[in-house]
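Me: I have a structure to go through before setting up some calculations. Could you walk me through its interior and its pockets?

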Amino acid sequence: MKNQFILALDQGTTSSRAILFNQAGDIVSLAQKEFRQIYPQPGWVEHDPQEIWGGQAGVAAEAVAKAGIDGRSIAAIGITNQRETTIVWDRETGLPVYNAIVWQDRRTAAFCDQLKERGLADTIRNKTGLLVDAYFSGSKIKWILDNVPGARARAEAGKLAFGTVDSWLIWNFTHGKVHVTDVSNASRTMLYNIHTLQWDAELLDILSIPASMLPEVKSSSEVYGHTHAAHLGVEIPIAGVAGDQQAALFGQQCTRPGMVKNTYGTGCFMMMNTGEQPIESTNKLLTTIAWQVDGKVHYALEGSIFIGGAVVKWLRDGLGIIRHSADVGPLAQEVADSDGVYLVPAFAGLGAPHWNQDARGTIVGATLGTKAAHIARAALDSIAYQTMDVLKAMEADAGMAIAELRVDGGATVNELLMQFQSDILGVDVVRPKITETTALGAAYLAGLAVGYWAGVEDIQGQWQLDRRFQQSMAAEQVAANVRGWVRAVNAAKAWAEG
């Protein structure tokens, strides 16, 4: 397979990407295309599924063309995707019945509150490892069935299909022949029992969702089907699927229990491999499936931060204090620190470990001397503080101190943020040479399924250190900064209480 490559499709929240990897795990070519974010009402976030499909197919072809190869040189395709985002489509026409409801969408928050008032939180948590929240797919499916005219009747007649974005892409690449997902994506729906590894009939009944809509659940590394030759000239096996955070954990080679990674994307997502046994969190973290490979299921603890890099996008598109996202670093470096300004970016509520869906964005500590640079600095700091909140909860659940945090994602190029992250955490922050670990994880899963790599041991040596950030801030200053953050978060929560 010397002249063969693995094509990873990384379908994220704001863009579709395709990356071609060689056997050494190096990037050969990359193509990317952003797509529209649709905000029909405050708190609602949607995508056009057809735009996602068209864009993803387009960047796949572009990445192959950039490398000067054709489809015959691709050994397999791996897919990683924004999780929880919900698409329902007609099985006959292949057309979506509604826009994709994105993981950030809060329209079903009141319904989730009703589930909790009915005393169902423990039932759902015990089966799925998840907290009841609008974040997950289950309530989004129900909303579509209840609000799109005729959808429920068509679903009950077996005419509609549900899928997370991986399912949608596979359905389209195989021209409707394959309707599957993998265990990691299924575990994010609030419908999948992570202990029995089956869709749960009781949960489907609670949410009034017909089982006939659901995809078949497969492992994270096997041949699910082949792309239609119309797309890349030949039929290519689709052989690896994992939700984006699980793929990043695998790409960071956190394959042993206790290893932790944090991905800095639109949101931030910290995940710890807990091995073949799930750990129940007592600090409002999620227990979820990391992957299933070679018949073995690995579980993980996860802390989800809703607004990470998205706060930079807000500085650009909302406040207009920067023209490009990359401008935030230079602007923030104009000042030594935030000068007591704290920004709590609870634009979509607060995720782990607070789980307050009513909290809203808050800026505190501003004075007449506050400049745009202080706001930019406070925005970057907020990413690090939220990560700290999750890491401390994870340490408490796991009963161990975490000595090293492996990081990836677009914001890790910001050295100011990475250094502040290490300062606030008091642990080493470790950045690999290849930060496209989400796509790399999907590539590994696909390559393992088709024998491109012989086994996990075959890829262990490919992870390489780029830079290690170590704490340099005085302990007194760290403590003062953290106290200010805690007060700011309390202010955001108090605002929500009215």
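Me: Which residues touch the most other members in the largest nonpolar core?
Reply: This is a predicted model. In its largest nonpolar core, which has 100 residues, those touching the most other members are L115, M213, Y264, V344, W355, M394 and L405.

Me: And which helix gives the largest share of this core?
Reply: Helix α13, residues 372-398, with 15 residues. Another core lies apart from it and has 33 residues, including L9, A60, L169 and I170.

Me: Back to M213: what is it in contact with, leaving aside neighbours within four places in sequence?
Reply: M213 is in contact with V88, R91, I141, L145, A155, L160, A161, F162 and H179.

Me: Are the faces of strand β8 covered or open?
Reply: Both faces of β8 (residues 160-163) are covered. L160 and F162 are buried on one side, and A161 and G163 are buried on the other. Strand β6 (residues 87-90) pairs with β8 in the antiparallel sense over 4 bridges, and D90 has L160 as its bridge partner.

Me: Now the pockets. What is the volume of the largest pocket?
Reply: Its volume is about 1200 Å³. The lining has 45 residues, and Y264, G265, T266, G410 and A411 lie nearest the centre. By class, 14 lining residues are nonpolar, 21 polar and 10 charged.

Me: Which helix gives the most to that lining?
Reply: α11, with 4 residues.

Me: How much space lies in the second largest pocket?
Reply: About 470 Å³. The second largest pocket is lined by 21 residues, with Y39, V45, Q104, I307 and F347 nearest its centre.

Notes: Residues numbered from 1 in each chain as written. Predicted model: local features only at pLDDT ≥ 70, side-chain atom pairs only at ≥ 80, totals over all residues. Heavy atoms only, no water. Core = buried A, V, L, I, M, F, W, Y, C linked by side-chain atoms within 4.5 Å. Buried < 20%, exposed > 50% of the residue type's maximum accessible area, 1.4 Å probe, protein only. Helix = DSSP H or I, 4+ residues; strand = E, 2+ residues; numbered from the N terminus. Contact = heavy atoms within 4.5 Å. Pairing = 2+ DSSP bridges. 1 Å grid on protein atoms, 1.4 Å probe; cavity = no way out; pocket = protein on both sides within 12 Å on 5 of 7 lines; lining within 4 Å. Points joined across faces, edges and corners; volume = space filled by probe spheres on them. Nonpolar A, V, L, I, M, F, W, Y, C, P; charged D, E, K, R; others polar.
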